[in-house]
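Please examine the structure shown below, and then follow the explanation that leads through it.

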Amino acid sequence: HYFIQSNLSSDMSILLPLLLFLSSYVSCHKIAIVGGGVGGASNAHFLKQLLGDKADITVFERDTVGGRLAEIKIGGKSFDSGGSIIHSKNEYAKALTKLVGLKLESLTGSNGAGFYDGSQYVLKLAGSFSDKLKIVGRYGFQVKKLLNHVEKMISDLNRIYCLQSHEVAFKSVADFMNGTHQDFLASTHETIKDHLTKLGVSELLQNELVTASIHSNYNQGLEVPSFVGLVSLAGGMVGSLWRVEGGNFQLPRQLLQHTGVRVVQGRVTRVVRDHPGFQLSYSTTGGEGDTTTGGEGDTTTGGEGD
């Protein structure tokens, strides 16, 4: 009965209470999820966990299951492409990795890093205790102020786990952000540069350490929203980092297998309202298909895209 575009994670906050209410009245929920990345895979998992046998779920993926969590091979070795690191504060990722039997590999500990201004290294870090002295020597104690600010933001963001454990839901992304912290929504309308300038962070620190973090994570600069910039900084300043042993791309693949949902490799070409549900059209290398998510599990298909 439902259509979910998996890159809109807030849809889950809207749909879950509705599904809970309707589950006692409908014998089967026919659900289509567009996108087989980590968002689509986790949506499928939580819906199946919530509805059990009452959920008939199909995941449509036009390319390879995994989305941004992809694998590339260079010189005979496998590397993560896209989401290559996971933060220690990501409780869902840790729990799902454990659920499907994958192992965590810590990325704590560094071989060093350097800040290059285009002509020379302005700062070299060796991955040792002396790095702290070098950082303070170049940027002063503003780094501590920035660290405290990022830690507070992550602490506020982690309230979402407590809220969701009490089955708190939100009607929109704006409600979600305001419900987590009163300043989060406003932080999406202010650049990280303006935000840090108001905080008193020097231009030198912004142009070097902050810019390096954002460019490394998102290939962007100080014009990103402050919410995005602070999340980026958290990767190198707060908590620790890890990856799935053997590659993060395994997580969505294993999660879909564990959940036992149907996966169709095809491109969704159209989604239209067809009361009481939706009609989804898709194409595959073998032909085209249509799925109607209305009634009690009614399905119509065409071509070889069943």
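In this predicted model, three strands form an open sheet, and their order across the sheet is 6-10-7. The pairing is antiparallel. Strand 6 (86–87) and strand 7 (104–106) are the edge strands, since each of them pairs on one side only. Strand 6 and strand 10 (residues 241–244) run antiparallel and are joined by two bridges. Within this pairing, I86 has W242 of strand 10 as its bridge partner.

The aromatic side chains may be considered next. How many aromatic pairs does a search of the whole structure find? The search finds six. A pair of aromatic rings is described by the distance of the centres and the angle of the planes. For F184 and F227, the ring centres are 5.3 Å apart and the planes stand at 70°; because an angle over 60 degrees counts as edge-to-face, this pair is edge-to-face.

The positions of these two residues in the chain also deserve attention. F184 belongs to the loop between helix 7 (173–180) and helix 8 (192–199), whereas F227 belongs to helix 10 (residues 226–237), so the pair ties together parts that are 43 residues apart in sequence. Are the two residues buried or exposed? Buried means under 20% relative accessible area. F184 has 5% relative accessibility and therefore counts as buried. F227, at 17% relative accessibility, counts as buried as well.

Two further arrangements involve aromatic residues. One aromatic cluster is formed by F46, Y92 and Y161. Elsewhere, R273 lies over the face of F278, at 4.6 Å from the ring centre.

Technical notes:
Residues are numbered from 1 along each chain as its sequence is written. This is a predicted model: local features need pLDDT of at least 70, side-chain atom pairs count only at pLDDT 80 or more; totals for chains, interfaces and linings use all residues. Side-chain values use heavy atoms; hydrogens and water are left out. Two strands pair if DSSP finds at least two bridges between them. Helices (H or I, at least four residues) and strands (E, at least two) are DSSP runs, numbered from the N terminus. Rings of Phe, Tyr and Trp (its six-membered ring) pair if their centres lie within 6.5 Å; planes under 30 degrees apart count as stacked, over 60 as edge-to-face and the rest as tilted. Buried means under 20% relative accessible area, exposed over 50%, partly exposed in between (1.4 Å probe, protein chains only). A charge sits over a ring if NZ of Lys or CZ of Arg is within 6 Å of the ring centre and within 35 degrees of the ring normal.
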